Amino acid sequence: MLTLLKLLQDGRFHSGQALGAALGVSRSAVWKQLQQLEAELSLPIYKVRGRGYRLQSPLSLLDSEALNKAGSPWAHRVFDSLDSTNAEVMRRLAAGEVPPFAVVAERQTEGRGRRGRRWVSPYAQNLYYSLALRINGGARQLEGLSLVIGLAVLSTLRAFGLVDAGLKWPNDLLVNNRKIAGILLELLGDPADICHVVVGIGINVNMQSSVVDIDQPWTSMQSESGTLIDRNALIAQLSACLEGYLRRHELEGFSALREEWEGGHLWQGKPVSLIAGVQKIQGRVLGIDATGALRLSVDGEERAYSGGELSLRLSDDS
Ligand code: BTN
């Protein structure tokens, strides 16, 4: 089935006869595989008499060879389908695989988002990327780490021409107030000693609105740029950006990146509500502190907030 998908990925028409010849099977076997493809991967296929078959839109499929070329900062383990790339990294760490390494998949059946939400992960549309890191430096190396990852993702998006992309504390990436990427860090081991971090990154790449149902405003790189994004080139760029920012973070600490982060923060100076469980704190964004905590002006006083369960909204009057 995957060979058939590779033949169709250009989004052009292919006759049943040509597909059968390339696969070494009959036209009716091609037809069966096409039906299977459509049903299992939710990829609509058009059939036009006299022209053949084509996908609704062209695809950029993951290519393990291209991703593991010399010069790549770490190995990229490529999967067709996983429950979650973060879960796969955890299993590999538990089995003794030595970090750093990255896991990517064409789709996730149980993609995890922040605060227990699910991350919609349709086949071959987006980027589902998890990086395994070993943390030797204890708490200092974890300080601001999720914000540093946000900077690496931002710089990747901008390298692909998305100049309007920006950050929303703590680590969402937005374009025109629509979410384009999210980050989920999961920790394994003792943060005071040697531990591992799983850096999960989801980027909406070639996803189109007709195919999914997401409960918040979102966009994708293709919707913003109008072109199909080469996901292998995107992964190569992301890994290179991550390596650069992680090195700076390790050598110089988060405070060296604080100004740059604030420069990319879309909600600097804006009136916001900070949601912490049932509590709602109204304030104005001042920036972040040297640990990555959010600085808000609340009733004329400066206060700092941090923690994975917090979420930020723009106030109605902003
Ligand atoms: C968020 O809620 O904003 C965080 C979303 C993180 C999604 C990515 S996709 C790759 C990795 N694997 C997962 O299961 N989740 C993260």
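**Notebook: pockets and ligand**

I began with the lining of the largest pocket: α5 (85-94), β5 (127-135), β7 (172-175), β8 (178-189), β9 (195-203) and β14 (311-314) each supply at least two residues. Helices (H or I, at least four residues) and strands (E, at least two) are DSSP runs, numbered from the N terminus. A pocket here is an open set of points on a 1 Å grid over the protein atoms alone, where a 1.4 Å probe fits, with protein on both sides within 12 Å along at least five of seven lines; lining residues have an atom within 4 Å of a point.

The model is predicted: local features need pLDDT of at least 70, side-chain atom pairs pLDDT 80 or more, while totals for chains, interfaces and linings use all residues. Residues are numbered from 1 along each chain as its sequence is written, and side-chain values use heavy atoms, without hydrogens and water.

I counted 41 lining residues in the largest pocket; R117, W119, D172, K179 and Q216 lie nearest its centre.

Next I looked up the ligand. It sits in the largest pocket (more than half of its atoms lie within 2 Å of the grid points). Of the 20 residues around the ligand, S84, Q108, R112, R114 and K179 come nearest (a heavy atom within 4 Å counts as near). β8 gives the largest share of this shell, 4 residues.

I then checked polar contacts (N or O pairs within 3.5 Å). A side-chain N or O atom of Q108 is 2.9 Å from a ligand nitrogen. A polar backbone atom of R112 is 2.7 Å from a ligand oxygen.

Last, I noted the second largest pocket. Its lining has 24 residues, with L142, S146, L185, G307 and G308 nearest the centre. β8 gives the most to this lining, 5 residues.

Key: Polar contact = N/O pair within 3.5 Å; in protein donor to acceptor, adjacent residues only side chain to side chain.
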